[in-house]
Amino acid sequence: MVCQEEPLVVQITQLFEKISNLGSLKPSKDVNMLFTQLVLACMPASPIDVTRLCRRVQEMRFKLIRLCGEAEGLLESHYSNILGSFETPLDHLNIFPYFNNYIKLSHLEFTILSQHYSHVPDQVAFIGSGPLPLTSIVLASHHLTGTSFHNYDIDPAANSLASRLVSSDPDLSYRMVFHTDDILNIKEELKGYDVVFLAALVGMDKEEKVRVIDHLAKYMAPGSLLMLRSAHGARAFLYPVVDPSDLQGFKEYHLLQKSLPK
C-alpha cells in the first residue's frame, strides 16, 4: 500500500494543496507555475502503481484529476480566444505553448490507427473535442486529408470557440462538424463512424469512463475502431486510467499513454 510517506506522493500532495487554494484556475503566473511543477513531477517514468494508493491519497488523486481537467479547459479556452481574434487562426496555432506536443501525439495516433485499420477512414468522431480541438485539426490537416471529422462536446461555448478556428478555412470548415451534446445521448449516429477518438478527460472517474466506453461498444458499428488515451505511473495523477478490463465490449485494444504536458 502506497501512502503519504512516499516522496513523490508527498510532493504531489503539497502541490495539490497549493492548487486547491488558488482563487482561480484561469491561466496566470501562479497557476502556470504550479501546474508546470506538477507536470514535471509526474512526467518522468515512475514505478508507482496508483491502484495501490491508500484511500486518502486516492481521494486526493481523484480531486487532482478534476482540477487538472478544469485548468486544461480554461487554458484551451484562453488560447482559443486569442487564436480566434486572427483573420486566419490556423496560421497561428504555434502560439499555443504545447502545439508541438499535439503534432507528435497526432502522428503517433495516426501511426497506431494505420496499423490497426486497413483503409483511410471516411468518417471520424472525436468525443470531448473542447475549445481547442488540435488533435482533430492536426489529423485533418496532415494525416487524414479527405476525412470528415465530427467533434462532440457537451459545452456549447467550447464548440463556438472551436468552430471559429476553422471557419476561415474552406477545406476544414467543410470537413469539420461540431455537435453540442452528451455522447450518451448519441446512439444510431455512432454507427456511421469508422473511427471514434475518446479524449482522456471524458469520464473523470472510473465509473463515468466505463459508462461511456460501454455506450460506445453498444452503438459503434462492427469493425469500427475506438482510439482512446490512458495514463500510467505518476501520470495517473494527471489523467484517468483506462484498464483493459474496462474494454470488454471491444475485441482488441491498444492503450496509448497520455504524453501531452499541460
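This is a predicted model: local features need pLDDT of at least 70, side-chain atom pairs count only at pLDDT 80 or more; totals for chains, interfaces and linings use all residues.
1. Strand E5 covers residues 225-230, and six of its six residues are buried. The strand is thus described as mostly covered. Here, a residue counts as buried when its relative accessible area is under 20%.

2. The burial of E5 concerns both of its faces. In a regular strand, side chains alternate between the two faces of the sheet. On one side of E5 stand Leu225, Met227 and Arg229, and on the other stand Leu226, Leu228 and Ser230; all of these are buried.

3. Strand E4, residues 195-198, is joined to E5 by four bridges, and the two strands run parallel. Within this pairing, Val196 is found opposite Leu226 of E5. Between E4 and E5 the chain passes through helix H8, residues 206-219, in a right-handed β-α-β crossover.

4. The largest pocket has a volume of about 790 Å³. Its lining consists of 40 residues, and those nearest the centre are Gly128, Ser129, Asp153, Leu201 and Val202. By class, the lining comprises 22 nonpolar, eight polar and ten charged residues.

5. Several elements contribute at least two residues each to the lining of this pocket: helices H3 (55-84), H5 (134-143), H6 (156-166) and H8, together with strands E1 (123-127) and E2 (148-153). Helix H3 provides the largest share, five residues.

Notes. Residues are numbered from 1 along each chain as its sequence is written. Side-chain values use heavy atoms; hydrogens and water are left out. Buried means under 20% relative accessible area, exposed over 50%, partly exposed in between (1.4 Å probe, protein chains only). Two strands pair if DSSP finds at least two bridges between them. A crossover is right-handed if, with the strands pointing away from the viewer, the path from the first strand over the helix to the second runs clockwise. On a 1 Å grid over the protein atoms alone, a cavity is a set of points where a 1.4 Å probe fits but cannot get out, and a pocket is an open set with protein on both sides within 12 Å along at least five of seven lines; lining residues have an atom within 4 Å of a point. Grid points are joined across faces, edges and corners, and a volume is the space filled by probe spheres set on the points. Ala, Val, Leu, Ile, Met, Phe, Trp, Tyr, Cys and Pro count as nonpolar, Asp, Glu, Lys and Arg as charged, and the others, Gly among them, as polar.
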